[in-house]
Amino acid sequence: MSRNNGSGGGGAVIAVIILILALGLLYQCQGAKYGLPVIPMGAGASSSSAAPPVSGESEVSGTASVDASVESSVAPGGFTYLPATDLLPWSWSSSTVPLPWAATSNNDPGYKANVNVDNWSPAMCFPIEGKAYANSQVYRPGGEGFATPEALASKAQYDAWYNKAYSNPKQSGWLAAYNNLRGTSCDPSNYQYPWRDNFCEKRSGENALCHSAKGHQGQDIRPETCQKSVHWAVAAEDSVVKDVGSYTLTLRAVNPPYRIYRYLHMDPDFIAHWQPLEGTTTMVKAGRRLGQVGDFGPGGTSYTTVHLHFEIRLSVAEQVNGTLRPLNTFVPPYNALVTSYERKLAGNGCAVLPW
Amino acid sequence: MPLAAVALAVILGGGIVVSPQAQDASPRTLPPAAIDWKTLSRVYNPGVAAKSRATRGLRARNDQVDNTTLPILLPDASTGVSRDGLAFTSLGDVYDINLPQPVKGLTVLLSGTRVFVASQPGMFRGVKFDQVNMGGQPVEVLFSETEDGWTASFSRFGMAYGIEVICDEADAMNYCKDSTYIRKIASGMTEIVLGAQAEREFTAATGGNTTQPPRPTDTVKVPVNRDVLTQRQTANNPVKPNSSVKP
């Protein structure tokens with residue numbers, strides 16, 4: 001009886017809350033018309049409805065300043081982030097860089113982010129020591145999917161820098177041309193909040209959770225600075241070392257659901273330490289330093305920008321005709337990264353275990 | 001929460017979208033899945049299993065093999081995959097096998113698990129599986145190109161199995177330029193090993209009957225290179241040329 005009474009009163013409260021929520025959403029949608037401050041709300045608002053910006057840099061900077069100014073008072077360290085699946089506008093489309101003088105086509109369903117925003121590792125440790133910036137290393141300054149405002153100012157200038165930057169064999173001055181064309185990865189805008197999801201952005205690999213079944217399989221995270229082999233990556237969970245490559249480290253968590261964590265572009269000098277001895281299993285505790293983040297690729301050579309490509313893989317099962325159909329897949333790490341970073345900034349992160 | 005606080009939170013808008021509560025929604029981990037022993041009995045060959053168990057890496061980790069609760073799958077001789085550097089790790093309901101190959105920078109990883117996370121309905125809608133003939137059995141396999149190689153995912157006996165090929169040195173790149181190599185491995189994943197615990201479950205479920213004669217497998221001598229790990233460590237010495245930027 002008392003439960004019934006309670007639910008009746010609760011219903012009225014819920015109705016009021018719904019009304020307030022509706023008003024809030026109306027404000028969110030309409031506020032900008034009246035010059036009121038509006039925080040970007042997600043993919044629908046900031047990506048798909050807006051035309052791709054001519055210059056990625058200006059778009060990036062603008063978003064960062066809006067968010068940081070509004071949210072910095074509530075998040076430790078001024079941390080802000082955009083919602084999961086809100087990718088950079090052109091990073092999921094069929095055109096790599098929107099060139100003002102070229103006809104662009106978005107008929108291709110593209111590499112849109114999936115709609116799954118679950119937290120796939122709610123208790124993990126944040127995988128990098130110190131501050132970090134989760135954002136695309138391809139579609140931001142210094143990346144292949146970015147063009148500077150100067151490069152986009154004229155087709156002739158763009159083509160000249162492009163041809164020089166991609167000359168084969170590399171001619172003198174190619175790096176300067178590349179930097180003029182793409183900017184540099186050390187650009188300050190790459191080292192600002194808000195964070196941005198880049199799981200499923202346009203890449204060549206397959207990904208079952210992206211709309212087109214193709215797209216980026218993890219999250220790019222820049223460490224505090226653009227210096228390589230300075231900042232430590234740490235273990236996300238208590239794990240066994242599953243594999244050590246020339247620039248990759250793969251861990252298998254020891255507790256269900258036995259997630260796989262992959263760390264790419266690591267300094268080979270450090271990860272070589274984890275090569276297992278025959279007949280043994282190497283275990284690492286959550287928070288254990290694993291090695292330093294770099295820009296390394298195949299053969300341990302300098303290959304990309306300084307960042308950690310962080311991946312979570314899981315066996316996920318769906319019911320098909322009454323039976324479980326399991327599949328090993330990449331899952332979006334973004335929300336797990338956000339919550340683990342928030343815990344860390346609030347002083348509730350994992351204790352870092354020394355090298 | 002007071003209504004005024006709710007109203008304030010709503011008016012600030014974006015905070016609702018990125019609230020920690022929303023992100024804490026975590027998919028449910030299911031209890032270890034049941035093994036389809038009946039299907040296994042049609043393809044399980046104790047003789048082949050005994051021979052596979054005698055593989056150096058498996059023998060060295062007998063305790064871990066015995067504690068593994070699900071069938072362990074290995075590539076047969078037709079795949080050409082060397083087992084010489086085999087490393088086996090088991091956590092009971094999940095196992096990992098690491099097979100460094102004689103080619104510098106080429107590694108084959110195998111895994112199996114009976115622990116899954118529940119997916120949202122239709123999460124994998126649109127995913128196209130390839131049909132692979134795995135020792136006469138048609139099996140749906142999902143192949144994916146990765147940053148450093150290929151993965152294959154498939155299910156047998158109600159379990160999830162994975163193959164990963166990693167190519168991270170120049171000599172190995174040919175094995176990852178397309179899916180040919182991993183497809184060859186997938187079609188040869190026919191050797192099945194049961195640890196002691198799994199064997200007991202299998203016997204309890206089927207009486208230990210199989211339709212396969214207990215004869216040893218034909219073996220093919222694979223190239224022996226005991227310096228594989230050493231080579232990989234050498235390769236790990238970083239070369240640090242002038243900065244270049246590639247994705």
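Residues are numbered from 1 along each chain as its sequence is written, chains are lettered from A and ligands numbered from 1 in the order in which they are written, and side-chain values use heavy atoms, with hydrogens and water left out.

**Figure 1. The hairpin of β6(B) and β7(B).** Strand β6 (residues 130-134) and strand β7 (residues 137-146) of chain B run antiparallel and are joined by 5 bridges. Two strands pair if DSSP finds at least two bridges between them; strands (E, at least two residues) and helices (H or I, at least four) are DSSP runs numbered from the N terminus. The hairpin has 2 residues between the strands, and G135(B) takes a positive phi near 60 degrees.

**Figure 2. The largest nonpolar core.** A nonpolar core is a set of buried Ala, Val, Leu, Ile, Met, Phe, Trp, Tyr and Cys residues joined through side-chain atoms within 4.5 Å. Buried means under 20% relative accessible area, exposed over 50%, and partly exposed in between (1.4 Å probe, protein chains only). This core has 54 residues, of which W195(A), L249(A), L251(A), Y261(A), Y263(A), L290(A) and F310(A) touch the most other members. At least two residues of the core come from each of several elements of chain A, including β1 (132-134), β9 (308-320) and α8 (334-345). Another core lies apart from it, with 53 residues, among them I35(B), L74(B), F116(B) and A118(B). In soluble globular proteins, nonpolar side chains tend to be buried together.

**Figure 3. The surroundings of L290(A).** Contact means heavy atoms within 4.5 Å. Leaving aside residues up to four places away in sequence, L290(A) touches A233(A), V234(A), A235(A), L249(A), L251(A), Y263(A), M266(A), F270(A), I271(A), W274(A), V284(A) and W355(A).

**Figure 4. The salt bridge of R289(A) and E129(A).** A salt bridge is a side-chain nitrogen of Lys or Arg within 4 Å of a carboxyl oxygen of Asp or Glu. The whole structure has 22 salt bridges over all chains. In this one, the closest N and O atoms of R289(A) and E129(A) are 2.6 Å apart. Because R289(A) lies in strand β8 (residues 289-292) of chain A and E129(A) in the loop between α3 (56-71) and β1 of chain A, the pair ties together parts that are 160 residues apart in sequence. E129(A) is partly exposed, with a relative accessible area of 21%.

**Figure 5. The salt bridge of E164(B) and R262(A).** The side chains of these two residues meet at 3.7 Å, N to O. E164(B) belongs to strand β9 (residues 159-167) of chain B and R262(A) to strand β6 of chain A, so the pair joins two chains. Both E164(B) and R262(A) are buried. A network of salt bridges links R262(A), E311(A), R313(A), D148(B) and E164(B).

**Figure 6. The salt bridge of E201(B) and R114(B).** The closest N and O atoms of this pair are 3.9 Å apart. E201(B), in helix α9 (residues 196-206) of chain B, and R114(B), in the loop between β4 (106-113) and β5 (117-118) of chain B, are 87 residues apart, and the pair links distant parts of the chain. E201(B) counts as partly exposed at 29% relative accessibility, whereas R114(B) counts as buried at 8%.

**Figure 7. The aromatic pair of Y193(A) and Y341(A).** Rings of Phe, Tyr and Trp (its six-membered ring) pair if their centres lie within 6.5 Å; planes under 30 degrees apart count as stacked, over 60 as edge-to-face and the rest as tilted. This pair is edge-to-face, at 6.3 Å centre to centre with 70 degrees between the planes. Y193(A) is buried, as is Y341(A).

**Figure 8. Residues 19-73 of chain A.** Over these residues pLDDT, the predictor's confidence in each residue from 0 to 100, stays under 50, and the model has 82 contacts beyond four places in sequence for them. Where pLDDT is low, the predicted coordinates should not be read in detail.

Conventions: Predicted model: local features only at pLDDT ≥ 70, side-chain atom pairs only at ≥ 80, totals over all residues.
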